[in-house]
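Morning, everyone. Please have a look at it first.

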2 protein chains.
Amino acid sequence: MGNTPTIFWLIPAAALIALLFAWYFFRQMKRQDEGTERMKEIARYVREGAMAYLRQQYKVVVIVFIVLALFFAWLAFGLGVQNKWVPFAFLTGGFFSGLAGFIGMKTATYASSRTACAADRSLNRGLQVAFRSGAVMGLVVVGLGLLDISLWYIVLNHFVDMEGPQKLVVMTTTMLTFGMGASTQALFARVGGGIYTKAADVGADLVGKVEAGIPEDDPRNPATIADNVGDNVGDVAGMGADLYESYCGSILATAALGSAAFMFNPEVQMKAVLAPMLIAAVGIILSVIGIFTVRTREGASMKQLLRSLGFGVNLSAVLIAVASFAILYLLDMPNWGWIAGSVVIGLIAGVIIGQATEYYTSHSYRPTRKIAKSAETGPATVIISGIGMGMISTAVPVITICFAIVLSFLCAIRFDIAGMLTAGNLQTGLYGIAIAAVGMLSTLGITLATDAYGPIADNAGGNAQMAGLGEEVRRRTDALDALGNTTAATGKGFAIGSAALTALALLASYIEEIRIGFEHLGQQTFTLSDGAVVTIADASMLDFMDYFQVNLMNPKVLVGVFVGAMMAFLFCGLTMNAVGRAAQSMVNEVRRQFREIKGILTGDATPDYARCVAISTKGAQREMLFPSLLAILVPVAMGLVFGVAGVIGLLVGALGSGFVLAIFMANSGGAWDNAKKYVEEGNMGGKGSDSHKATVVGDTVGDPFKDTSGPSLNILIKLMSMVAIVMAGLTIAYSIF
Amino acid sequence: MGNTPTIFWLIPAAALIALLFAWYFFRQMKRQDEGTERMKEIARYVREGAMAYLRQQYKVVVIVFIVLALFFAWLAFGLGVQNKWVPFAFLTGGFFSGLAGFIGMKTATYASSRTACAADRSLNRGLQVAFRSGAVMGLVVVGLGLLDISLWYIVLNHFVDMEGPQKLVVMTTTMLTFGMGASTQALFARVGGGIYTKAADVGADLVGKVEAGIPEDDPRNPATIADNVGDNVGDVAGMGADLYESYCGSILATAALGSAAFMFNPEVQMKAVLAPMLIAAVGIILSVIGIFTVRTREGASMKQLLRSLGFGVNLSAVLIAVASFAILYLLDMPNWGWIAGSVVIGLIAGVIIGQATEYYTSHSYRPTRKIAKSAETGPATVIISGIGMGMISTAVPVITICFAIVLSFLCAIRFDIAGMLTAGNLQTGLYGIAIAAVGMLSTLGITLATDAYGPIADNAGGNAQMAGLGEEVRRRTDALDALGNTTAATGKGFAIGSAALTALALLASYIEEIRIGFEHLGQQTFTLSDGAVVTIADASMLDFMDYFQVNLMNPKVLVGVFVGAMMAFLFCGLTMNAVGRAAQSMVNEVRRQFREIKGILTGDATPDYARCVAISTKGAQREMLFPSLLAILVPVAMGLVFGVAGVIGLLVGALGSGFVLAIFMANSGGAWDNAKKYVEEGNMGGKGSDSHKATVVGDTVGDPFKDTSGPSLNILIKLMSMVAIVMAGLTIAYSIF
């Protein structure tokens, strides 16, 4: 391994540890009792539905991947504007992300009936089964992510035929492109899964709850199984793919920025590249420790349940904060304390965003209660106040991220404010921002476990309801489910915050790809605006900005910003409408079954669940294509027309408005959901009152907000950066303006 | 007048012509029959309510103006970081804007009963009275705007003790600051008026239509008069102040950019400064001609009515397009044809945005009909599809503005693409963008007339309803009102588009204010990143960007972009909630009156209209303060903390996301309104059906979207630029980072 220090091997080792524990938790879960025949049957329906969906989705994804891989191969081998490793890196990124989604979902669908059964014995057992099954997803994501990174490092270290610091630059910028595979996979998982889950949910609610007046998760509702499948494909597989992308993207972008920033000092360069990977590796081990601490006692209140999850997550976070200092100290990284400071800033920012999300979406606090109160004057005021609140709620997370950006930048340059933007300091500072993103995501193994736990608990509740289990079990699964709603909302805030920081890191590393692109084209120098001729290999980030005239008065940049901001809204609008259309087909199908299959509503006939699953699957697949292609094609088109300046404008515009829009949508949606729950708990007239009906309207509107369009924006802002990165060579070779 | 050519006098002359015709149309309207005693009484109620509101608002505004003027005086005379003319320019801008709003609203409130009465005779007479009363507003706005500009030009030309090209730079950058007065006035007019109108509207609808089941504009509803007052204060005074600001802002920014771009050729410089004013002056005359052509014949269909308005507007637009070439040719401006091309591009962009708005919000087209169709599955799907459609509808206007930006830039530099961003070409190109904004707004005299016409026709309908006029009159006022809805939607699109271009022009001219700021501070040179020392007077825009490190990797810029994007959402959320709260007080008051004043619902007792007016007034004044102060303080704070780089990031972020958000909100709101009207015309079950109720929810949500939060964003993006411009000296003198 040439000059790679031995400590490198900790990285693949940690990846394997993660996979090992995932395997252990999976086996442990599989050994649990699956319950009655009826419970097994329901779980099988959901599992088959979920797998049918995944099969269908992977068919589409495989085609898209083949087309894109061929295109990248043509760029690399035909036009010669790209690294020849890109098509392969792209494929592995996609493959590992897909595999993580598959395993996570398989686990979740095995776990639901077992969780219901365990909850039959005690609350703690229910929590353990659900949470450790969620941990399978968390550990598989971080394990496969870090494994892919390690493997590519080893392969490229062996095959890249170069010496010295330039080699690491080429290696890291090449590795970055495997993020494109993860991004593309995540796009389809998030958008397709998001459309699926909400089409099924809205469809089931509109006909079942509103028209036929039967409760949620009632087996008489033909869309019930599809609704439960949706929780798995949207909230497990979609969320997993989203964070897989952020996780790999942040580590790889940090490595790329580090290899560029410290290029003139080979020893430090190597450390800067390994640092994010090592932090991630240690984070895995600490996540596993945290997972083992999660337990509760019988009769635990909501607060206690929340505290036991929180204890695990916070323990891991505190440990990794301390460990970051240790890692960087042992690595003998210059300014190790400052850079560890950037890591800790990222961690803290993640916690604050999570807390803010909880404040704005939980009905323990004023904002959501005010929305519930507005239900007294009907659905219109519920919508108005929910939108108003959601928009206001963007302030805290945005300001938190701003602080994180500035402080992690300043930390990395030891608060050398005067020289903030000298060429060297700029790159070091951006490295600081990127490693803050790594810090935020370092405990992903356990935070994702709390996310994936939500839909498992939700499905367990559905399973218990459909199988007609006793009052006590329902009470317990309800408690577990309510906890899941809170962790899901917090998880969403965390996913958005980390997506924004990751996208920023990717944006910064885009310039490095430009450098490599030039070298591929054989261009060695360029002329700056003051007439100076600079060797591309030595050019600073500021030189590139000067050469491509990336300044905010350049109309190309301004057009980019406008189009970027517009893309966020357009993408949201398309996915909102997609849910509307797909839900409409579901509504029609459920109505048809109620009409044509006699005896459904009396419970004498079984509805055709599979048909509803198929309709949701087909609808999601059909609807996800156009917005997805748009997200891939617009950055390419922008690059070809307006060049690097247009692309950077586009990324900044999409990041700025997409980030804020995503928070708004997630928080409005979450608050509407909990405002309904608050009314259902007996406030403002309780269940069945006009206020309740008004909050149901809010909840229905909130569904695509928080589970389809909002989360899809995370992908949009990262994917567009990834596309830009992969297309860097094409952009500089062929842009028109 | 020194070296100012005689043709200058055309500018104040045109301003006086506008005011003369406004006076003429006003007298003409006043001579019309005001109708029955009952009609006069109702009109008086509305007029008194509107004036009471305006008095109250001006009280608040006067205080804010005094505080700000003192602050500016302190900056100028105390700290010495600002031009000593600024406090006075600020005050006149505010005064003239307020005066225009006052006259426009006074006219509108006199016109409503007279329109109703004229409609009693014939449709054409009704249209004439309403439209020409609207024209008073249009002409007063452009007349006072251009008068203020001319007066300041004369005053500064006399008093600025300088010679040569530097004098014009100082004059134009000083004049630009009077836009700050217009902006501040517009802020309160738009935000306060927007909250007022929707609090009254939502309050009146929720209790009157929904709870008590009485029709719109029923005299038994205590909030009816407040609702009619709202149309005047929001849609007449608010819209007028908004466009007054855009009108003056675009002309002044163009002049400032022109004086900087052509500083090295004094003769051309003078022409570049006069060109936007001359185009505006000729635009006034052509608008008057257009106004006189608007007439229709009895029994005209909606299409014919629309065509007669359209004819006047289009005639003015075509004439000004031709005249632009003539003006610039006669001015002997170098490259006159190309620069006239930029003007025409702005005009065309305005037309396209108007058309796109109509397509997305009129129920003659598919998008709105699809929203109406979604009402069959209840209010939730109405909201989802309306939001989805509104987000998608942002694409066309944004792409249009992008084309306008690039093409008007390229036109101005004669498509010298290779040298697109050399220092000289950049400034000339930005001058092209700014003059495109002037082109778009050149026919404001008539386009604003069609806007102000809407609420007059609406109020005429209300007057006819409350006074119990016959079936035939109602049919005619309904036709006039429906026409007004379409022109209002188109006008909103136009207002947003012009605000975006104006804000861009202001952003570009911000750099010029920085230059003047340095001179005030006595700093003569600065050092660029490559070590070169540049005299500030000779520094190009690119030198400033270099010195302040305004590049997209600078964390200060990135933080600015994030905060800017967030500000747009926060401002929207605050105004949405403000409407919710103010509407709630109205609901409580109406309920109280129904309960306590016996005989209201049977028509035996008169409701206490004045009390509702007072409640809406108080609510609006209270609620407008916080968001308004935020809009003023955030750019100041950003400048003090992150300096010029942060401010430019802030402006770009707010412009990008505010522009798109404004289109989304305006179009969703307009489409919901018309979807309801479509159902009321007998589709999807017609009035009283469940579908109708669902669309009423959409309409109620849409009200603050399209009439409060959306339009307020126009102000936000311009005002923040204006604040930045006025604070330029403070920013460079005292920024922390």
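**The interface of chain A and chain B**

Across the interface of chain A and chain B, the rule finds zero salt bridges, a salt bridge being a side-chain nitrogen of Lys or Arg within 4 Å of a carboxyl oxygen of Asp or Glu. The residues on the side of chain A that touches chain B divide into 61 nonpolar, 14 polar and four charged; here Ala, Val, Leu, Ile, Met, Phe, Trp, Tyr, Cys and Pro count as nonpolar, Asp, Glu, Lys and Arg as charged, and the others, Gly among them, as polar.

Before I go on: this is a predicted model, where local features need pLDDT of at least 70, side-chain atom pairs count only at pLDDT 80 or more, and totals for chains, interfaces and linings use all residues. Residues are numbered from 1 along each chain as its sequence is written, chains are lettered from A and ligands numbered from 1 in the order in which they are written, and side-chain values use heavy atoms, with hydrogens and water left out.

Now the extent. In contact, meaning heavy atoms within 4.5 Å, are 79 residues of chain A and 79 residues of chain B. The buried area is about 6,800 Å², and carbon and sulfur atoms give 87% of that; buried area is the accessible area (1.4 Å probe) that two parts lose on being put together, summed over both. In chain A, the residues that lose the most area to chain B are A:M553, A:F562 and A:F569, together 13% of what that side buries.

That is what I have. Questions, please.
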